[in-house]
Amino acid sequence: MEIKKILFATDFSEGSSHALPYAVDMARRYGAKLYIIHVIFDVAKTVGWYVPHVSIDEIYQDMEKSAKAELEKIFLDEMRGLQGVEHIVLKGIPNEEITKFTGENEIDLIVLGTHGRRGIDRVLFGSTAEQVVRNAPCPVLSVRLPKH
Ligand code: AMP
């Protein structure tokens, strides 16, 4: 078994933060490249809602900027010593984007939490973790918070 590329998906929740050390540790042990990904939920992709583009585009640009800054800032300590970590912000439906990115980039392992933020995306699309486990083209390590 070769693990050269690991994808860690985060929604900045406690559940996903708990899974991070597993991704980092595996990346160190296997000498793998680590991709840290956050997906901004795209409201326009929901059941046909009309969203005025001009304003929503500006909001998304701001969200993308803050998400990128957050990815780089909060995981700084854990990443110490790991080379070439990539921080990526995507837009869409989280489970679809994670699965798509995995296929396109030949990821060998996905690491995520079993629980995330419970917002509108979960209500509309169910569990990200469950969908990724069902559809991903590679193995998925889902890490449960002890309190769950
Ligand atoms: P959920 O199934 O939505 O409760 O979330 C389970 C896990 O999926 C989280 O702990 C994260 O690891 C990942 N996840 C959920 N939403 C996102 C997102 N928007 N971007 C990246 N990863 C996510």
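In the predicted model, the largest nonpolar core comprises 25 residues, of which I6, F8, L34, I36, M79 and V111 touch the most other members. Two or more residues are given to this core by each of the elements β1 (5–9), α1 (14–30), β2 (33–41), α2 (53–74) and β4 (109–113). Helix α1 supplies the largest share, with five residues. Apart from this core lies another, made up of 16 residues and including I88, L112, A136 and C138. In soluble globular proteins, nonpolar side chains tend to be buried together.

When neighbours within four places in sequence are set aside, M79 contacts L20, V24, R28, L34, I36 and V85.

At the level of secondary structure, the protein contains five helices and five strands, arranged along the sequence in the pattern β-α-β-α-β-α-β-α-α-β. Contacts with a sequence separation of 6 or more are formed to 81% by residues 24 or more positions apart.

Helix α3 spans residues 94–104, and its buried residues are P94, N95, E97, I98, T99, F101 and T102. The helix is followed by E106, which has a positive phi near 50°.

Over the protein as a whole, 41% of the 148 residues count as buried. The accessible surface amounts to about 8500 Å², and carbon and sulfur atoms account for 52% of this surface.

Definitions and conventions. Residues are numbered from 1 along each chain as its sequence is written. This is a predicted model: local features need pLDDT of at least 70, side-chain atom pairs count only at pLDDT 80 or more; totals for chains, interfaces and linings use all residues. Side-chain values use heavy atoms; hydrogens and water are left out. Helices (H or I, at least four residues) and strands (E, at least two) are DSSP runs, numbered from the N terminus. Buried means under 20% relative accessible area, exposed over 50%, partly exposed in between (1.4 Å probe, protein chains only). Contact means heavy atoms within 4.5 Å. Accessible areas come from the Shrake-Rupley method with a 1.4 Å probe; for residues, only the protein chains shown count as cover. A nonpolar core is a set of buried Ala, Val, Leu, Ile, Met, Phe, Trp, Tyr and Cys residues joined through side-chain atoms within 4.5 Å.
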